[in-house]
Amino acid sequence: MAGKVTARTGWRQLCRGSAIAWLSLSTVAVAHPDFSGVWEHSRIPGEGEYIDGKDTRDLSFMMPWVEAEVRRREEASLAGNPIPNAGVLCLPEGMPNIMTSGHDLQIIQTEKEVLILAESDHQILPVYMNVNHPGNLLPSWYGHSIGRWNGDTLVIDTVGLNARSLIDSTGTPHSEALHVVVRMRLENGGKRIEAVFTLEDPLALRRPWVYTRHFEKGEGGAVSEYACAENNEHYQAK
Amino acid sequence: MKTSNTIRMLVLLTGCAGAMTAAEVVAAAAAKTGEGVSGIWWIEDYARELLPPDNADLPFTPEGRLRYEQNLAQLKAGAMPDVGVTKCLPEGLPRTMFAPYPLQIVQHGNYVTLIHEVNHTFWSVALTGGHPGPDDLEPAFMGDSIGHWDHGMLVIDSIGFKANSFLDDTGVPHGTQLHVTTRLRRLSHTRLEVIATVDDPDTFSKSFSVRHTYEWRPDVSLLEYACGEDHRVLTGTRTKGVTLKWPAK
């Protein structure tokens, strides 16, 4: 029987070929900007890990309890006894700090997901493309991130964050109501990312907090291994 | 013209519905397009210990056996921490690959990245270039890995390991000369085979291999893994028809 072509086997072969052709065509990716690769912080003045402008800055956009905590940490730091932040304690940095804490990022881009890998303590932020947030989300360190394309801009929307992570390396706190939107687009011929962060938190911020960070295309295709808990024994011993 | 194409498509679809199942269509397409090893996988036959074929004993050197027995005793007495558990440091190879948690494999560009739920560890495998020279090789828990495809099998060659991880969940030690070759092969659309070959002259008298199989789990998303906290289902989707497999730690 082997190799004998009957009407049924011929029909199956036709179907098989058609299915392959249809699936192949249906999986051709629509051309979106390619964020794949390793990205380093641009180190542009004013775009650091910490809130800049120590003495002159206006923190009136923060609720009093948030501003008080920022001032408390600042005073402790100036007194030479800084309060450790998430990165120092090897705690999850949460969103958006996973993207702004100063270490390299690696982006893996597929049709269904954009995976942001942080060199800092090998943290992972999955962004699920073209889906909605689940309705029954429990608060977590990284929350739930969805993505969509708005022209050439990748829009990442994160909710479901717990109130234990810190917004930045300064140690700015937030509530579980924090809603983070990051709008990312390529500049400079694809060698730079402009990322505009918009943070809304009706329990912690009086108005949306908008800031921009830039990332430059780095060397190599993958970030290095950085295991946080291995390197901060001296902090743990305190 | 448009109408006749639509009719042809309807005829084809109607006939195909009887001739092939949906799974067959997907499998046929996958076979043709070379789907590789991408996807979310969950080990089917987790074991705390490394089990070579026929449950043979691990070929320890006398020194290697002594160190293993010391590890067993100290771990039991709490005199030695398992830093993979206590500090959630990357658990190295092949331990990470054989963990009882799901992993996601992504093929992208000149890399294959294996993202492991356990200790949120990602393992980057470069498909081009070689290992750095001895002077440039930075020891890492997950080593330095390069890979190539051999007739649909992904072969990963890993060297450059730190010596303070264990090879399995029981505490099998290794030295800095550890060399792990990991072979990943799709047995079918829904099953993956992984064979890890361990070679470490500091610990073993000869190399040995351990095999595990994995189930394709498109219904599963990797969960957030926060060290020292309960491992939680955040959206409820993981519980549908899935028994959470807790690590025997």
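So, among contacts in chain A between residues at least 6 apart in sequence, what percentage join residues at least 24 apart? It comes to 54%, where contact means heavy atoms within 4.5 Å.

Quick ground rules: this is a predicted model, where local features need pLDDT of at least 70, side-chain atom pairs count only at pLDDT 80 or more, and totals for chains, interfaces and linings use all residues. Residues are numbered from 1 along each chain as its sequence is written, chains are lettered from A and ligands numbered from 1 in the order in which they are written, and side-chain values use heavy atoms, with hydrogens and water left out.

Staying with chain A, we've got 6 helices and 9 strands, taken as DSSP runs numbered from the N terminus: H or I with at least four residues for helices, E with at least two for strands. Of the 238 residues in chain A, 48% are buried, meaning under 20% relative accessible area with a 1.4 Å probe, protein chains only.

Now over to chain B. Strand 5 (residues 144-150) of chain B runs antiparallel to strand 6 (residues 153-159) of chain B, with 7 bridges between them; pairing takes at least two bridges in DSSP. One of the residues involved, B:H148, has B:V155 as its bridge partner in strand 6 of chain B. The two strands make a hairpin with 2 residues between them, and B:H151 in that turn has a positive phi of about 50 degrees.

That's my tour, thanks.

Terms used:
Buried < 20%, exposed > 50% of the residue type's maximum accessible area, 1.4 Å probe, protein only.
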